[in-house]
Amino acid sequence: MIRTLAFRLLLTLALGILGCLIVFVPATARSTPPASPTPVRTPSTPPPQSGPEAEDRVSITFVSDRQHNGAAAWSDATGNLRTQTHVPLLQRDSQSGLWSTALVFTRHSPDAPLHAVFRSGGRFARCEVRVNDRLVAEDSAHGDHPTSTCQPNTNEI
(Lines give C-alpha, C1' and ligand atoms only; values in the text may rest on other atoms or scores of the structure.)
Protein backbone atom coordinates (compact mmCIF):
# COMPACT_ATOMS: atom_id res chain seq x y z
CA MET A 1 0.00 0.00 0.00
CA ILE A 2 2.87 2.36 0.79
CA ARG A 3 4.42 1.58 -2.62
CA THR A 4 1.12 2.46 -4.29
CA LEU A 5 0.85 5.75 -2.42
CA ALA A 6 4.48 6.59 -3.17
CA PHE A 7 3.92 5.79 -6.85
CA ARG A 8 0.81 7.97 -7.00
CA LEU A 9 2.63 10.81 -5.25
CA LEU A 10 5.56 10.53 -7.65
CA LEU A 11 3.25 10.38 -10.68
CA THR A 12 1.26 13.37 -9.44
CA LEU A 13 4.47 15.32 -8.90
CA ALA A 14 5.78 14.42 -12.38
CA LEU A 15 2.50 15.38 -14.07
CA GLY A 16 2.39 18.62 -12.07
CA ILE A 17 5.89 19.54 -13.19
CA LEU A 18 5.01 18.68 -16.79
CA GLY A 19 1.88 20.83 -16.52
CA CYS A 20 3.90 23.78 -15.21
CA LEU A 21 6.42 23.37 -18.04
CA ILE A 22 3.67 23.23 -20.63
CA VAL A 23 2.00 26.35 -19.24
CA PHE A 24 4.97 28.54 -18.32
CA VAL A 25 7.73 27.69 -20.82
CA PRO A 26 5.77 28.84 -23.91
CA ALA A 27 4.76 32.04 -22.10
CA THR A 28 8.37 32.93 -21.29
CA ALA A 29 9.54 31.94 -24.77
CA ARG A 30 7.05 34.32 -26.40
CA SER A 31 8.16 37.25 -24.25
CA THR A 32 11.75 37.11 -25.53
CA PRO A 33 12.39 38.82 -28.86
CA PRO A 34 13.47 36.59 -31.74
CA ALA A 35 17.19 36.48 -32.46
CA SER A 36 16.73 37.43 -36.11
CA PRO A 37 13.68 39.43 -37.21
CA THR A 38 13.92 38.13 -40.78
CA PRO A 39 14.59 34.45 -41.35
CA VAL A 40 17.53 33.59 -43.55
CA ARG A 41 16.40 31.44 -46.47
CA THR A 42 18.55 29.33 -48.68
CA PRO A 43 17.39 28.06 -52.09
CA SER A 44 16.70 24.63 -50.57
CA THR A 45 14.46 26.06 -47.83
CA PRO A 46 10.80 25.92 -48.88
CA PRO A 47 8.79 29.13 -48.43
CA PRO A 48 6.62 29.36 -45.31
CA GLN A 49 3.16 27.94 -45.78
CA SER A 50 -0.05 29.82 -45.17
CA GLY A 51 -3.67 28.79 -45.05
CA PRO A 52 -4.87 25.25 -44.31
CA GLU A 53 -1.57 23.74 -45.55
CA ALA A 54 0.22 25.35 -42.57
CA GLU A 55 -1.43 22.94 -40.14
CA ASP A 56 0.80 20.21 -38.72
CA ARG A 57 -0.12 16.54 -38.47
CA VAL A 58 1.11 15.40 -35.05
CA SER A 59 1.51 11.78 -33.98
CA ILE A 60 2.36 10.80 -30.39
CA THR A 61 3.17 7.10 -29.98
CA PHE A 62 3.43 5.19 -26.69
CA VAL A 63 5.17 1.78 -26.60
CA SER A 64 5.45 -0.76 -23.76
CA ASP A 65 6.13 -4.42 -23.13
CA ARG A 66 2.71 -4.60 -21.43
CA GLN A 67 -0.73 -3.97 -22.85
CA HIS A 68 -2.08 -2.28 -19.71
CA ASN A 69 0.02 0.55 -18.33
CA GLY A 70 0.22 3.30 -15.74
CA ALA A 71 -0.46 6.83 -16.94
CA ALA A 72 0.17 9.18 -19.82
CA ALA A 73 0.13 12.95 -20.25
CA TRP A 74 0.39 14.86 -23.51
CA SER A 75 -0.35 18.19 -25.15
CA ASP A 76 -3.38 18.13 -27.44
CA ALA A 77 -4.04 20.02 -30.70
CA THR A 78 -4.49 23.33 -28.87
CA GLY A 79 -1.57 22.81 -26.49
CA ASN A 80 -3.73 21.88 -23.49
CA LEU A 81 -2.50 19.17 -21.12
CA ARG A 82 -4.42 15.89 -21.32
CA THR A 83 -3.93 12.96 -18.96
CA GLN A 84 -5.10 9.39 -18.76
CA THR A 85 -4.53 6.71 -16.16
CA HIS A 86 -4.66 2.96 -16.81
CA VAL A 87 -3.52 3.40 -20.42
CA PRO A 88 -4.30 0.39 -22.65
CA LEU A 89 -2.14 -0.06 -25.74
CA LEU A 90 -4.08 -1.53 -28.64
CA GLN A 91 -1.58 -2.80 -31.20
CA ARG A 92 0.91 -5.64 -30.66
CA ASP A 93 3.99 -6.17 -32.83
CA SER A 94 4.33 -9.94 -33.24
CA GLN A 95 8.10 -9.78 -33.85
CA SER A 96 9.12 -7.63 -30.88
CA GLY A 97 6.19 -8.48 -28.62
CA LEU A 98 5.77 -4.78 -27.79
CA TRP A 99 2.42 -3.02 -27.48
CA SER A 100 1.80 0.45 -28.89
CA THR A 101 -0.82 3.06 -29.65
CA ALA A 102 -0.69 6.42 -31.41
CA LEU A 103 -2.56 9.66 -30.83
CA VAL A 104 -2.89 11.57 -34.10
CA PHE A 105 -4.24 15.10 -34.42
CA THR A 106 -3.91 18.29 -36.43
CA ARG A 107 -2.16 21.16 -34.71
CA HIS A 108 -3.50 24.47 -36.01
CA SER A 109 -0.81 26.66 -34.46
CA PRO A 110 2.93 26.01 -34.63
CA ASP A 111 3.21 27.78 -31.24
CA ALA A 112 1.12 25.12 -29.47
CA PRO A 113 3.46 23.10 -27.21
CA LEU A 114 4.11 19.41 -27.80
CA HIS A 115 4.98 17.23 -24.81
CA ALA A 116 4.37 13.61 -23.87
CA VAL A 117 5.02 11.52 -20.76
CA PHE A 118 4.29 7.80 -20.52
CA ARG A 119 4.60 5.40 -17.58
CA SER A 120 4.74 1.71 -18.44
CA GLY A 121 3.11 -1.06 -16.46
CA GLY A 122 6.04 -3.33 -17.31
CA ARG A 123 9.79 -2.88 -17.71
CA PHE A 124 9.98 -0.83 -20.93
CA ALA A 125 8.49 2.56 -21.89
CA ARG A 126 8.94 4.55 -25.07
CA CYS A 127 7.37 7.70 -26.47
CA GLU A 128 7.78 9.32 -29.86
CA VAL A 129 6.52 12.65 -31.17
CA ARG A 130 6.33 13.16 -34.93
CA VAL A 131 5.33 16.33 -36.76
CA ASN A 132 4.40 15.78 -40.40
CA ASP A 133 6.03 12.32 -40.23
CA ARG A 134 9.32 13.82 -39.00
CA LEU A 135 10.58 12.50 -35.66
CA VAL A 136 11.07 15.52 -33.36
CA ALA A 137 11.35 13.79 -29.96
CA GLU A 138 11.81 10.30 -28.58
CA ASP A 139 12.70 8.72 -25.27
CA SER A 140 12.99 5.16 -23.98
CA ALA A 141 13.27 3.97 -20.39
CA HIS A 142 13.90 0.58 -18.80
CA GLY A 143 13.33 -0.65 -15.25
CA ASP A 144 10.44 -1.35 -12.94
CA HIS A 145 7.49 0.78 -14.20
CA PRO A 146 9.72 3.16 -16.21
CA THR A 147 8.65 6.61 -17.41
CA SER A 148 9.60 8.05 -20.78
CA THR A 149 9.42 11.80 -21.46
CA CYS A 150 9.32 13.41 -24.90
CA GLN A 151 9.87 17.12 -25.16
CA PRO A 152 10.76 18.35 -28.66
CA ASN A 153 13.34 21.05 -29.11
CA THR A 154 11.26 24.04 -30.28
CA ASN A 155 13.97 24.95 -32.82
CA GLU A 156 13.48 21.62 -34.63
CA ILE A 157 9.69 21.76 -35.02
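What follows covers the sheet, the aromatic rings, the disulfide and one arginine.

This is a predicted model, where local features need pLDDT of at least 70, side-chain atom pairs count only at pLDDT 80 or more, and totals for chains, interfaces and linings use all residues. Residues are numbered from 1 along each chain as its sequence is written, and side-chain values use heavy atoms, with hydrogens and water left out.

**The sheet**

- Five strands make up an open sheet in the order β4-β5-β1-β7-β8, and the pairing is antiparallel.
- The edges belong to β4 (91-92) and β8 (134-142); each has a single partner strand, so one side of each has no neighbour in the sheet.
- Strands here are DSSP runs (E, at least two residues), numbered from the N terminus, and two of them pair if DSSP finds at least two bridges between them.
- Take β7 (residues 124-131) and β8: eight bridges join these antiparallel strands, and V129 sits opposite A137 in β8.

**The aromatic rings**

- Searching the whole structure turns up two aromatic pairs.
- In one of them, the rings of F62 and F118 have centres 5.0 Å apart and planes at 20°, so this pair is stacked.
- The rule: rings of Phe, Tyr and Trp (its six-membered ring) pair if their centres lie within 6.5 Å; planes under 30 degrees apart count as stacked, over 60 as edge-to-face and the rest as tilted.
- F62 is in strand β1 (residues 56-64) and F118 in strand β6 (residues 116-119), so the pair ties together parts 56 residues apart in sequence.
- F62 and F118 are both buried, meaning under 20% relative accessible area, while exposed is over 50% and partly exposed is in between (1.4 Å probe, protein chains only).

**The disulfide**

- There is one disulfide in the structure, a disulfide being a pair of cysteine sulfur atoms within 2.5 Å.
- C127 is joined to C150, with S to S at 2.1 Å.
- C127 lies in strand β7 and C150 in strand β9 (residues 147-150), so the link ties together parts 23 residues apart in sequence.
- The torsion about the S-S bond of C127 and C150 is about 110°, so the disulfide is right-handed.
- Both C127 and C150 are buried.

**R130**

- R130 is also worth a click: you'll find it in strand β7.
- Its relative accessibility is 30%, so R130 counts as partly exposed.
- Setting aside neighbours within four places in sequence, R130 is in contact (heavy atoms within 4.5 Å) with R57, V58, S59, L135 and V136.
- R130 and L114 are 16 residues apart in sequence and 9.7 Å apart in space, C-alpha to C-alpha.

Key: Helix = DSSP H or I, 4+ residues; strand = E, 2+ residues; numbered from the N terminus.
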